[in-house]
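Open the structure in your viewer and keep the selection tool at hand.

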Amino acid sequence: MDHLSFVMTSDGSKTIFNEQVGENYHSRHGALQESEHVFLNSGLNYYLERNAEKKASILEVGFGTGLNFLVTANYCIKNQIQLNYTGIEAFPLKQSMIANTGYNEYISEKLWDSFLINYSAALNGMTQINDACLLEIAPEKLLNFKSQQLFDVIYFDAFAAVHQPEMWNSESLNQISKFVKPGGVFVSYAITGELKRTMKSLGFSIEKAPGAAGKREMLRAVKL
């Protein structure tokens, strides 16, 4: 994977630059802070507060380095929340590259070790990471993804539309909307007029939420 290289972001956490796509896996303004703000706080925590739940199912589009999963799983372990997590990733990273992200600094040692040990197994099906967390990574494109499960929260973390427009068109958004429960929450770092219109047409209520560092706003949508 010579087209992939590590980049340091503004909060001291690493991301990966994909030369073929011309895009970073996370915000250059801070990989960790983006993951915590956009996905954990604006997504999962928002859902849990609205539903007073101690369990959650999450579907992520763009599993990438696993940072969103790790931050989420670490939070769930600390707060005794049962987590069922599925990531869609058409081009999974090698375990050896993930091991060099340095994300062990932000989560418990036990979670980090278990994640690395079970990463390959998760690519082949649902895998027990620990007593609180189940993980599956579907190594396929979004439009090929199938599941009988409906999810509480969608983390939509595809590359930006300027680099990967096919991930943000109505076909892709319609596909992901099929897997959201009524009352389920869709969050993304992005917010555009087209994205808002499409999600509204798919049966979601739309909210402009404060964005992560470097972005004024982000999108949060709730399935009606």
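Angles under 35 degrees count as roughly parallel, over 145 as roughly antiparallel, 65 to 115 as roughly perpendicular, and the rest as oblique. This is a predicted model, in which local features need pLDDT of at least 70, side-chain atom pairs count only at pLDDT 80 or more, and totals for chains, interfaces and linings use all residues. Residues are numbered from 1 along each chain as its sequence is written, and side-chain values use heavy atoms, without hydrogens and water.

Select helix H2 (residues 67–78) and helix H4 (residues 109–122), whose axes come within 10 Å and cross at roughly 130°. Helices here are DSSP runs (H or I, at least four residues), numbered from the N terminus. Axes are lines fitted to C-alpha atoms over the stretch in contact, with angles running from 0 to 180 degrees between N-to-C directions. H2 and H4 are therefore oblique to each other.

Next, show the side chains where the two helices meet. Phe 69, Leu 70, Ala 73, Asn 74 and Ile 77 of H2 are in contact with Leu 111, Trp 112 and Phe 115 of H4 (contact means heavy atoms within 4.5 Å).

Now select Leu 135. Leaving aside neighbours within four places in sequence, its contacts include Phe 63, Phe 69, Tyr 85 and Phe 115.

Finish at Asn 45, in helix H1. Is Asn 45 buried or exposed? At 12% relative accessibility, Asn 45 counts as buried (under 20% relative accessible area, with exposed over 50% and partly exposed in between, for a 1.4 Å probe and protein chains only). Not counting residues up to four places away in sequence, Asn 45 touches Leu 40 and Tyr 75.
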